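Here are my notes for your read-through. Please keep the structure open beside them.

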Amino acid sequence: MVAWDGACHMSDRPGLMLRAVGGAIGIAKAVARVEPAEPAEVARRIAICEACPSGCYLERPSRCDLAKGGCGCFLSAKWRIASERCPKGHW
Ligand code: SF4
């Protein structure tokens with residue numbers, strides 16, 4: 001283990017900083033390109049999850065239970081992305 005000497009070495013590594021900024025921009029672009037699901041489809045997904053046939057639905061916040069073979073996703077976001085799918089094939 002290397003002991004920290006108290007100095008900030010980020011200025012020694014401008015390439016690292018540039019890569020971090022580039023990564024953040026890439027994520028923002030990916031998020032901006034996400035196609036939203038239609039409101040009727042969001043409502044359909046919510047209804048299915050709330051009565052999940054596999055017993056994977058967790059409330060507050062809504063999540064798909066990883067311990068029961070679900071995806072572990074926060075569903076309030078997953079429901080609203082058109083390309084997302086239920087890991088159990090329910091929607
Ligand atoms: S995503 Fe699928 S498995 Fe997860 S809670 Fe919803 S219906 Fe159940």
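Which residues are around the ligand? Keep in mind that this is a predicted model.

1. Ligand shell. The residues around the ligand include a run of cysteines: Cys49, Cys52, Cys56, Cys64 and Cys86. Ile48, Tyr57, Pro87, Lys88, His90 and Trp91 complete the list. By class, the shell divides into nine nonpolar residues, one polar and one charged.

2. The space itself. The ligand takes up the largest cavity.

3. Cys52. This shell residue lies in a loop. The loop runs between helix 2 (39-50) and strand 1 (57-58). Set aside neighbours within four places in sequence, and Cys52 is in contact with Tyr57 and His90. Both Tyr57 and His90 are also listed around the ligand. Lys88 is 36 residues from Cys52 along the chain. Their C-alpha atoms are separated by 9.7 Å.

4. Cys73, position. Look next at the loop between strand 2 (63-64) and helix 3 (75-78), where Cys73 has its place.

5. Cys73, surroundings. With neighbours within four places in sequence left aside, Cys73 is in contact with Ser62, Arg63, Cys64 and Lys78. One of these, Cys64, belongs to the residues around the ligand. Ser62 and Cys73 are eleven residues apart along the chain. The separation of their C-alpha atoms is 8.6 Å.

Key:
Residues are numbered from 1 along each chain as its sequence is written. This is a predicted model: local features need pLDDT of at least 70, side-chain atom pairs count only at pLDDT 80 or more; totals for chains, interfaces and linings use all residues. Side-chain values use heavy atoms; hydrogens and water are left out. A residue is near a molecule or strand if one of its heavy atoms lies within 4 Å of it. On a 1 Å grid over the protein atoms alone, a cavity is a set of points where a 1.4 Å probe fits but cannot get out, and a pocket is an open set with protein on both sides within 12 Å along at least five of seven lines; lining residues have an atom within 4 Å of a point. A molecule sits in a cavity or pocket if more than half of its atoms lie within 2 Å of its grid points. Ala, Val, Leu, Ile, Met, Phe, Trp, Tyr, Cys and Pro count as nonpolar, Asp, Glu, Lys and Arg as charged, and the others, Gly among them, as polar. Helices (H or I, at least four residues) and strands (E, at least two) are DSSP runs, numbered from the N terminus. Contact means heavy atoms within 4.5 Å.
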